[in-house]
Amino acid sequence: MKNGAVVVKGSKEGLTILIEEKYDFSIIKKRLDEKFSSAKEFFSGARVIVDLSKRKPNQYEEREIKHLINKKYGMKLVKVINNLGEQMIEQETDSKASKSSSDRTLIIKRTLRSGQGAKFDGNLVIIGDVNPGAEVVASEDIIVMGNLRGVAHAGALGNEKAIVAAYRLLPTQLRIADKISRSPDGEVVLPDIPEVARIKNGKIYIEPYIFLD
Amino acid sequence: MGEVIVITSGKGGVGKTTTTANIGTALALAGKKVVLVDTDIGLRNLDVVMGLENRIVYDLVDVVEGICRLKQALIRDKRIEGLYLLPAAQTKDKTAVSPEQMKGLCETLKEEFDYVLVDCPAGIEQGFKNAIAGADKAFIVTTPEVAAVRDADRIIGLLEATELYEPKLIINRIRADMVKRGDMMDIDDMIDILAIELLGVVPEDEKIVISTNKGEPAVYDPNSKAGQAYKNIARRIEGEEVPLMSLEVESGFMEKLKRFFGLRK
């Protein structure tokens, strides 16, 4: 998809729109329109990263890009990056904190029951149990200060370094990034210590949270 | 001013209706003024379990639609004074009543009665929403099965979402012998997951089948263990401290003899 000024690439994190620096902003707008207006349905809801490479946009241009992507094309602008070594627009969260997702943590102080769940772009800490039938999803780590019996998905946007830790780790299913594991069929050995799940050599491993030598 | 208690479970067939009938009867036997409301519109059962089926003229839908007065639809129990039933309609469906209408109805009943027990239909749809609309408290009935406990957990979550907190748990149809062998979830397993206060444990009892078919709640039968458990629950509702009854299966003479000689624990 290359016709100058605007290049669209797919990645694990969503779509990356690369905007070349040498073109005038009006041409960039036109190109964006050509690409996305015709296929609005297809791109709707997609997570978008805008890469400005060496271009330094002014406030108006930045606002325009944001508006076009979020409102006109129905996509979700996650962040704007450039080659100048700084991040400019962070994802819109309620807190509007200018932190990356690994620094953001949502603490839920209650038990999540069957049919309930939590989704968060950042770390998720549950002070309570996650019961069977409940689902917790986070783009970073998940910590459950209680029994984790439901489904947990850490690093949901592809972060393979994410972990799932629980006071008692007894999940129905455990997912980290794009790896999935489930509890064994038949006899289940119940842990009586806190455990951590993480990816090692492309597989999900569960080990004690405290190492006793 | 009385209180409205909804008896619910999520899963079907765990004994909501039997529980409603028995707790209601036990409370009435203790001298309270009680009304049982069947909200399972289209699949009414409570009237059958109470043995009052043949007395129905008007029903809950008639009341909310203004076809009759509330007093006309209330059926007086044939055995005890102070116990009434508001039957569900059988020919309509759950959408015949709205949560707002149920709320209004419960408010009116609360003024007349000490306890308004609402028998909730299975499921989490309109019927459930109607049943919980006017409730002050909720009792969750579950059996020692994984599916029933899962549904109970879902219900507790939904109740919390409608600001109906601290429901109480009734564990129904437990079999001590199976629990002992490790073939059935025990009480602690269930409390561990659901994390709510236990109101009572009702043992599996074949007398329930007989009493249900006869339309005579088990609390009338002094030999029914389930009946005894329901009576204890009623006393706990009244604020009495009643210990959980022993679930031990009555042992035979030889068993007792063996135990006497220390051959068994």
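A salt bridge here is a side-chain nitrogen of Lys or Arg within 4 Å of a carboxyl oxygen of Asp or Glu.

Some ground rules. This is a predicted model, where local features need pLDDT of at least 70, side-chain atom pairs count only at pLDDT 80 or more, and totals for chains, interfaces and linings use all residues. Side-chain values use heavy atoms, with hydrogens and water left out, residues are numbered from 1 along each chain as its sequence is written, and chains are lettered from A and ligands numbered from 1 in the order written.

Back to the interface. Between them, chain A and chain B bury about 860 Å², meaning the accessible area (1.4 Å probe) that two parts lose on being put together, summed over both. Of that, 37% is on carbon and sulfur atoms. On the chain A side, Arg113(A), Ser114(A) and Pro132(A) lose the most area to chain B, together 57% of what that side buries. In terms of contact (heavy atoms within 4.5 Å), 11 residues of chain A meet 11 residues of chain B.

Which residue of chain A forms a salt bridge with Asp192(B)? That is Arg149(A), with the closest N and O atoms 2.9 Å apart.

The contact between α7(B) and α9(B) includes Val149(B) and Ile156(B) of α7(B) and Met190(B) of α9(B). Thanks, all!

Definitions and conventions:
Helices (H or I, at least four residues) and strands (E, at least two) are DSSP runs, numbered from the N terminus.
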